[in-house]
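Subject: Structure handover and notes

Dear colleague,

I am passing on the structure we spoke about, with the sequence alongside. Please open both before reading further, as my notes follow directly below.

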Amino acid sequence: MIKFYRLWVSTASSNFGDGLLRVLLPLLALAWGASGFEVSVVVASSYLPWLFGSLLIGVFVDRLNRSTIIRAANAIRVLATFALLAVTVTDLASIPLLVALALVYGVAEVAADLSSQSAVSQVVENEQLESAYGRISVSQVVANTLVGPAVAGLLFGRTQAAVIGLICACYVVAGLSVPATPDSDQDTPKPWAPRQIWRELRIGVSAVTSHSWLRRAALSVGVMNFASGANAALLVTYAVSPGPLQLTTGEYGLLLAALGIGSMTGSAVAARVTRLLGESHAVAVGVGGLLTTIAAPGLSDNVWVIALLMTAGSAVGTLFGVKVISMRQRSVSNELLGRVNSAFQFVGIGSAPLGATFGGLLASMVGIRPVFLLLSAVAALTVLLLRPWRREPVSVAA
């Protein structure tokens with residue numbers, strides 16, 4: 001279990017850095033005079049690599065040593081953080097540079113997250129997988145959506161350099177603590193010809209598209225993240241002064257921490273609630289929680305009501321994320337795990353930058369609050385048609 005605990009620390013540390021960045025990048029864009037749409041572009045840029053790079057990166061996750069990939073990804077993040085500090089303290093500060101750095105961070109995040117998810121089955125026994133994914137999920141939620149945003153928001157108004165230094169430290173710890181994992185499970189080395197890489201990529205995509213539940217679950221996650229991406233991109237402009245809620249950066253960080261509090265609570269009781277409700281009902285209830293979180297800023301202009309709805313919604317919504325991930329991981333053999341995860345996330349997370357960009361454009365035409373409500377309604381109708389809670393047996397092997 002020592003290897004699992006090291007992977008746990010590495011994952012939590014990198015997610016803490018991601019949580020800090022989640023608040024820092026759009027706040028920097030606002031501080032540098034960005035418009036609401038430009039802030040949306042910055043937010044979208046950090047998610048774009050999931051759309052354009054995750055499928056190819058998934059092939060390498062199944063071919064190469066996963067701990068090596070995680071170390072390399074965190075080394076890239078450290079270099080990007082030094083560049084961010086240099087841009088911040090000089091006259092080079094500009095929105096295009098911030099977008100470029102967001103893309104670099106995004107590529108590293110895709111590689112690290114896919115490798116970490118796929119490495120769990122290599123460091124624990126099969127009977128421990130459910131518990132291991134639960135612990136990993138809780139640490140990700142606490143670090144990425146609770147501690148990271150709150151700390152970044154509170155520190156930003158005092159010293160931006162301290163936030164950037166803390167981000168750098170997180171990625172250093174993440175790279176140093178990751179355990180050694182076995183090399184690829186492939187019996188014989190495969191050629192690196194483009195045709196072979198393309199063939200392996202198509203196998204991963206086919207594994208998702210050819211099975212009804214995996215396909216419907218991936219599309220459901222994609223729809224939810226499309227709406228969530230718009231929510232994340234618009235919330236900073238809506239909340240931080242001179243936006244309608246008139247919050248300081250510290251108060252905005254605490255508002256985002258409400259999501260983390262809810263998610264942490266939901267993750268802690270997800271297994272117990274699932275046993276009570278059953279797997280299918282837990283997924284369906286989780287969808288309702290996520291929709292509440294997305295719609296919350298459009299349902300009220302009172303920050304306390306919004307925070308309460310976001311906290312409750314994220315607590316319930318955690319059921320959806322935890323169960324869908326564990327159901328997916330149990331269904332796929334280890335030698336295909338990287339490619340299936342990447343194909344799943346290509347749809348699931350790759351939709352977030354599209355949502356962020358679309359939300360920014362739509363808000364410029366109809367206002368911000370209606371967008372929260374409109375996208376949550378569209379997501380609700382789509383997921384009702386896809387019914388990800390209806391799962392037939394799935395077993396995918398290479």
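In which helix is the place of S220? S220 sits in helix α9, which covers residues 212-239. Please bear in mind throughout that this is a predicted model.

With a relative accessible area of 0%, S220 is buried, because the cut-off for that class is anything under 20%. Setting aside residues up to four places away in sequence, S220 touches F320, V383, L386 and P388.

Next, the nonpolar cores. The largest nonpolar core holds 84 residues, and the members that touch the most other members are L21, L24, L84, Y252 and V324. Helix α9 provides the largest share of this core, namely 13 residues. V324, if its neighbours within four places in sequence are left aside, is in contact with W213, A217, V221, V283 and F344. There is also a second, separate core of 11 residues, and A73, V110, A112 and L114 are among them.

Turning to charged pairs, side chains of opposite charge can pair when their charged atoms come close. The count of salt bridges in this model comes to 2. In one of them, the side chains of D18 and R77 meet with an N to O distance of 3.3 Å.

How do the axes of helix α14 and helix α15 cross, and at roughly what angle? The axes of helix α14 (residues 351-366) and helix α15 (residues 368-386) come within 8 Å, and they cross at roughly 130°. The crossing in which α14 passes α15 is right-handed. On the α14 side the residues that meet the other helix are F358, G359, L362, A363 and V366, and their counterparts in α15 are I368, P370, V371, L374 and L375.

Most residues other than glycine have a negative phi. Q246, which is not a glycine, has a positive phi near 60°, and Q246 is found in the loop between α9 and α10 (249-277). Is Q246 buried, partly exposed or exposed? At 47% relative accessibility, Q246 counts as partly exposed, because that value lies between the 20% and 50% cut-offs. R387, again a residue other than glycine, has a positive phi near 50° and lies in the segment after α15. The relative accessibility of R387 is 37%, so R387 counts as partly exposed.

With best wishes

Conventions: Residues numbered from 1 in each chain as written. Predicted model: local features only at pLDDT ≥ 70, side-chain atom pairs only at ≥ 80, totals over all residues. Heavy atoms only, no water. Helix = DSSP H or I, 4+ residues; strand = E, 2+ residues; numbered from the N terminus. Buried < 20%, exposed > 50% of the residue type's maximum accessible area, 1.4 Å probe, protein only. Contact = heavy atoms within 4.5 Å. Core = buried A, V, L, I, M, F, W, Y, C linked by side-chain atoms within 4.5 Å. Salt bridge = Lys/Arg side-chain N within 4 Å of Asp/Glu carboxyl O. Axes fitted to C-alpha atoms, helices over the stretch in contact; angles between N-to-C directions. Left-handed = near helix turned anticlockwise from the far one by under 90°.
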